[in-house]
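User: I am new to this structure and would like a short tour. Could you look at it with me?
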Amino acid sequence: MDPRSEVLLRQAELFQGSVLLAGLPADDLLGRLPDAHGWCWHAGDQAALDARFEGRSHFGVNAPEREFETAVVFLPKAKDLTDYLLNALASRLAGRTLYLVGEKRSGIEGAAKQLNPFGKPRKLDSARHCQLWQVTVANAPEARSLESLAQTYELPLAEGPLTVISLPGVFSHGRLDRGSALLLEHLDKLPSGHLLDFGCGAGVLGAAVKRRYPHNQLTLLDVDAFAAASSRLTLAANGLEAEVITGDGIDAAPMGLSAILSNPPFHVGVHTDYFATENLLRKAAKHLKNGGELRLVANSFLKYQPLIEEHLGVCAIKAEGQGFRIYRAKRG
Ligand SMILES: C[S@@+](CC[C@H](N)C(=O)[O-])C[C@H]1O[C@@H](n2cnc3c(N)ncnc32)[C@H](O)[C@@H]1O
């Protein structure tokens, strides 16, 4: 059981009614709170929740339409995503209670201040390195649209400027990552056919590639519904068409690909991110057709070359700079 769920269950009597659990972990919490429903935007967690509690968790970037008496936000990493979630839920809880739970190392103490606009927050519990906060919503806000929180920037590319739109919580929100910038400089001579942008975030790599090679079919894949929604906005802003899918890891990708491009997830300390990247390197060959290519950027300290050579084929370092490497490997 996730420690945040354990903290909620210490006060289980508060959560017996129709409570909405926003950003809930994929553990047994829904089993312990029979009238609760989830709101999830991580495709892997959603698949696990669906398998165990069919129909009890809503997937997407907008709160479910169904009514709820109270709601709990599980503190996400990004402050602006927390703001979006709290606003979306507080706007529907006038006079009722909104809770925020999170780990101390994730900054729950500071994040609790984000409850101030709605009323007077109160710390209810502190245990398992987590805190549970509560506010009675005295000032219910107007719901802000997600699009109004989007950030936009322009990227000068050889083919003309590319507009990139990102939503709260999405990787490199509002700016271009240095690793992605390096990969953008090394997208020449890609085999044509069906291309995949793995872990697409705001869709910057996919959109740039579609702009440069318009006759190729393109799929963008991310585990996070906010990333997929951002990619759709980026594509639309540039008049580009491609398939955007949510799914957990390379297993969710199509087969018969000509190239996989990625600035793969690497966040230190988060096991699933390492797993997603290692699994990509192990299984890229299965998703690529013969002659298909994997091209990725990674921090130079991450030693991916042996893993790629073991599972795909000869792996060249195409470029190196500012602490990043571009790897290129072909399925032989
Ligand atoms: C380093 S970011 C790169 C984002 C974007 N391609 C760019 O260059 O700005 C890695 C992306 O991988 C996504 N990701 C993490 N785990 C994943 C998984 N299991 N399956 C698919 N995507 C995943 C993250 O949500 C994030 O958007």
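This is a predicted model: local features need pLDDT of at least 70, side-chain atom pairs count only at pLDDT 80 or more; totals for chains, interfaces and linings use all residues.

User: Where does Arg56 lie?

Analyst: Arg56 belongs to the loop between α3 (43–52) and β3 (57–59).

User: Is Arg56 buried or exposed, and which side chain of opposite charge is nearest?

Analyst: Arg56 is buried but has no salt bridge. The nearest side chain of opposite charge is that of Asp35, 6.9 Å away, whereas a salt bridge requires a distance within 4 Å.

User: What is Arg56 in contact with, leaving aside its neighbours within four places in sequence?

Analyst: Its contacts are Leu30, Leu33, Pro34, Asp35, Ala36, His37 and Gly38.

User: Turning to the sheet, how many strands form it, and in what order?

Analyst: The open sheet has 7 strands, ordered β12-β11-β10-β13-β14-β16-β15, with mixed pairing. At the edges are β12 (243–246) and β15 (315–321), each of which pairs on one side only. From one strand to the next, the twist averages 15°.

User: In which sense do β10 and β13 pair?

Analyst: Strand β10 (residues 194–198) and strand β13 (residues 257–262) are parallel, paired over 4 bridges. Asp197 has Leu261 in β13 as its bridge partner.

User: Which strands does helix α7 lie across?

Analyst: Helix α7 (residues 204–212) lies across β10, β11 (217–222) and β13, and runs at about 175° to β11.

Conventions
Residues are numbered from 1 along each chain as its sequence is written. Side-chain values use heavy atoms; hydrogens and water are left out. Two strands pair if DSSP finds at least two bridges between them. Helices (H or I, at least four residues) and strands (E, at least two) are DSSP runs, numbered from the N terminus. Axes are lines fitted to C-alpha atoms, for helices over the stretch in contact, and angles run from 0 to 180 degrees between N-to-C directions. Contact means heavy atoms within 4.5 Å. Buried means under 20% relative accessible area, exposed over 50%, partly exposed in between (1.4 Å probe, protein chains only). Lys and Arg count as positive and Asp and Glu as negative; His and the chain ends are not counted.
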